[in-house]
Amino acid sequence: MSNSPFSLFILLLLYIISASAHPTEDYDAPITSSPGETIYTLKVPTLDETNMDDLLSFGYYHKTCPQFESILNRKVHEWIKKDYTLAASLLRLHFHDCSVRGCDASILLNHDGSERTAQASKTLRGFEVINDIKAELEKHCPKTVSCADILTAATRDATVELGGPYWAVPYGRKDGLVSIAKEAEMVPMGHENITSLVEFFQSKGLNVLDLVVLSGAHTIGRASCGSIQYRLYNYQGTGKPDPSIDPKYLNFLQRKCRWASEYVDLDATTPRAFDSVYYINLKKKMGLLSTDQLLYSDLRTSPLVSALASAPHIFKHQFAVSMAKLGNVEVLTDQDEGEIRTNCNFVNAH
């Protein structure tokens with residue numbers, strides 16, 4: 001943990017270069033870092049697995065709905081101006097959507113037994129933003145823009161509203177026809193170990209760098225006190241708090257979270273700014289979720305945390321790259337795979 005900022009910067013740079021320069025290298029073989037501990041790293045996807053150029057297009061709506069992005073941008077700006085916390089909510093909504101059946105807007109379907117009704121989805125917000133954008137688009141370009149494209153682009157614009165990076169979003173996603181509550185339970189909820197997170201990200205074609213970088217979305221947003229109380233009072237049945245929490249931060253959290261229904265900022269230092277302070281907090285033992293703090297204690301991820309903490313511009317650049325990758329996870333593009341919903345909450349009547 002004593003690496004200089006320059007050496008950590010070089011490490012991060014080399015990691016990014018190697019991941020892109022050797023897309024077919026196999027990283028699945030186990031390696032041992034210490035007695036009794038086996039580390040499984042990721043297999044970086046091949047170009048064939050990640051290239052969406054033939055499936056999605058940056059000019060997809062240029063002729064059919066040229067005003068799409070301007071309408072979306074205006075609506076997102078209006079909503080975030082009224083409630084800045086919706087930016088983090090849209091990020092989380094997009095992540096939940098892409099985590100189950102890919103980025104197909106299945107999280108938006110609102111019927112008995114859908115992902116949206118699952119316990120893991122109970123605290124999701126931002127549905128009204130997507131509904132508002134969709135309603136406006138239906139006036140100008142009926143039956144043209146998919147809810148999946150709207151959610152993906154709205155997440156990007158919401159990130160920019162809070163000072164985050166811009167990234168180009170290719171379009172052409174179809175909306176899914178299936179949404180099952182039980183499948184939503186696979187989405188990480190902040191209690192997992194790093195190996196589970198690595199394996200989950202790998203299953204989506206994402207790597208360790210994406211895991212650490214996308215976790216940086218916790219530079220904004222909040223979590224319910226109910227989701228962290230086990231860390232504050234009876235960690236792993238010890239009857240004591242999680243020892244990885246800074247004592248002063250622990251005292252603050254115990255006072256803040258007397259009630260499970262309360263909310264607390266994921267970034268205790270700069271909760272309204274999209275920045276790399278999240279990683280600095282982890283080095284100070286101020287990660288709110290267990291999965292946040294584990295990023296700094298696990299040998300697979302801690303060097304990247306240190307590097308991103310000392311290189312805020314690299315964080316923003318890589319966040320854009322990783323978000324673009326997330327938005328391309330298991331997308332539906334063929335007419336027989338999905339549809340263009342006229343109402344994001346329901347599949348079309350056929």
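Of the 350 residues of the chain, what percentage count as buried? And for the close look, which are the buried residues of H12, and what do they pack against?

Modeller: The model is predicted, so local features need pLDDT of at least 70 and side-chain atom pairs count only at pLDDT 80 or more, while totals for chains, interfaces and linings use all residues. Residues are numbered from 1 along each chain as its sequence is written, and side-chain values use heavy atoms, with hydrogens and water left out.

The whole chain comes before the part. Of its 350 residues, 51% count as buried. Buried means under 20% relative accessible area, exposed means over 50%, and partly exposed is in between (1.4 Å probe, protein chains only). The chain has 14 helices and four strands; these are DSSP runs numbered from the N terminus, H or I of at least four residues for helices and E of at least two for strands. Contact means heavy atoms within 4.5 Å. Among contacts in the chain with a separation of 6 or more, 73% come from residues 24 or more positions apart.

Now to H12, which spans residues 290–297 and is mostly covered, with six of its eight residues buried. Those buried residues are Ser 290, Thr 291, Asp 292, Gln 293, Leu 295 and Tyr 296. They pack against H7, H8, H9, helix H11 (277–283) and helix H13 (302–310). The loop between H11 and H12 holds Lys 285. This residue has a positive phi of about 60° although it is not a glycine, and at 45% relative accessibility Lys 285 counts as partly exposed.

Two packed helices are described by the angle between their axes and the distance between the axes. The axes of H7 (residues 194–203) and H8 (residues 208–215) come within 9 Å and cross at roughly 105°. H7 is therefore roughly perpendicular to H8. Here the axes are lines fitted to C-alpha atoms, for helices over the stretch in contact, and angles run from 0 to 180 degrees between N-to-C directions. Angles under 35 degrees count as roughly parallel, over 145 as roughly antiparallel, 65 to 115 as roughly perpendicular and the rest as oblique. From H7, the contact is made by Leu 197, Val 198 and Phe 201, and from H8 by Val 208, Asp 210, Leu 211 and Leu 214. By class, this contact has six nonpolar, no polar and one charged residues. Ala, Val, Leu, Ile, Met, Phe, Trp, Tyr, Cys and Pro count as nonpolar, Asp, Glu, Lys and Arg as charged, and the others, Gly among them, as polar.

H9 leads on to another helix, H10. H9 (229–233) and strand S4 (263–265) are among the elements that cover the buried residues of H10. In H10 (residues 247–256), Tyr 249, Leu 250 and Leu 253 are buried. These three lie on the same side of H10 because they cover an arc of only 100° around the axis, the arc being that of the directions from the helix axis to the C-beta atoms. Pro 247 and Lys 248 are exposed residues on the face turned away from the buried side of H10.

The nonpolar cores complete the setting. A nonpolar core is a set of buried Ala, Val, Leu, Ile, Met, Phe, Trp, Tyr and Cys residues joined through side-chain atoms within 4.5 Å. The largest has 73 residues, of which Phe 68, Leu 93, Leu 108, Ile 130, Tyr 279 and Phe 319 touch the most other members. Apart from this core lies another, of 14 residues, including Ala 223, Leu 250, Leu 288 and Leu 289.

The loop between H6 (147–161) and H7 holds Met 186, which is partly exposed, with a relative accessible area of 42%. Neighbours within four places in sequence aside, Met 186 is in contact with Ser 99, Val 100, Phe 200 and Lys 204.
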